[in-house]
Amino acid sequence: MVGPMRPQIVLFGSSIVQFSFDNGGWGAILAALYARKADIVLRGYSGWNSRQALDVLDEVFPKDAPVQPSLVIVYFGGNDSVHPHPSGLGPHVPLQEYLENMRKIANHLKSLSDHIRIIFLTSPPINEEQLRKKLSATQSGRTNESCGEYADALMELSEELNVKAINLWSAIQTRDDWLDVSFTDGVHLSAEGSKVVVKEILRVLREADWKTSLHWMSMPTEYAEDSPYYPPAPDGRTTINVSYCVSRRSLQWDL
């Protein structure tokens, strides 16, 4: 562990999480926004469902860890929602079992600390035509309708558990061109799809009435003191504190 200690934001889920640093992904965008503020910790496992998540929950989030995360963003559901295969193999998890698994994940995370915060992400939609063209051999059984069913159910559970949640299935489909721009293969998110995820996460963090805000613009910047080694200001007597310089690209997320 390197110091100084920063708040940890853990991304926990299946391939939507594992690939979130690829293709201008939402995890990479968060890491850039939270530079010098929080550590974005990636715990993504491609192909996994909520059953597999439960199997490793105590290992990924041990109760005796010296430092617990400040925020955990959890995504499982897309693989669970795949239709069952006649062989009994595959990632399908029946809806009620999926909801019970997500309940167990939320309860375990809440038990780690009084200060931990949780955001559930629902299944995003899929582009079934694009999926058939690119991944038909390995991704059969996925439908947009099933993704939406699991997404709606998770939103209801999140309200019951008092856990923040983002309905990605609905949010991504608000764009008229979502089918054309949101995916790399019909399932996994493109840069445009990831932008929706980031906007929705930041909206939740901005609106949350948490005692300590976890929105990137509200968090202190590490080593933010003025320094004589920074570039001289136009007046020739002071310096420009570059630790507070925020690029236009970063600011777009809060416009």
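**Cores and sheet in a predicted model**

The largest nonpolar core holds 35 residues, and those with the most contacts inside it are W26, Y34, I73, I119, L121, I201 and L205. This is a predicted model, where local features need pLDDT of at least 70, side-chain atom pairs count only at pLDDT 80 or more, and totals for chains, interfaces and linings use all residues. Residues are numbered from 1 along each chain as its sequence is written, and side-chain values use heavy atoms, leaving out hydrogens and water.

Me: What makes this set a nonpolar core?
Reply: The term covers buried Ala, Val, Leu, Ile, Met, Phe, Trp, Tyr and Cys residues joined through side-chain atoms within 4.5 Å, buried being under 20% relative accessible area (1.4 Å probe, protein chains only). The 35 residues form such a set. Among the elements supplying at least two residues each are β1, α2 (26–33) and β4 (117–121), while α9 gives the most, with seven.

Me: Which residues are in contact with I201, leaving aside its neighbours within four places in sequence?
Reply: They are W26, L30, I73, L121 and I166, contact meaning heavy atoms within 4.5 Å.

Me: Why do β2 (39–44) and β5 (164–166) stand at the edges?
Reply: The open sheet runs β2-β1-β3-β4-β5. Each of β2 and β5 has a single partner strand, so one side of each is left without a neighbour in the sheet.

Note on methods. Pairing = 2+ DSSP bridges. Helix = DSSP H or I, 4+ residues; strand = E, 2+ residues; numbered from the N terminus. Buried < 20%, exposed > 50% of the residue type's maximum accessible area, 1.4 Å probe, protein only.
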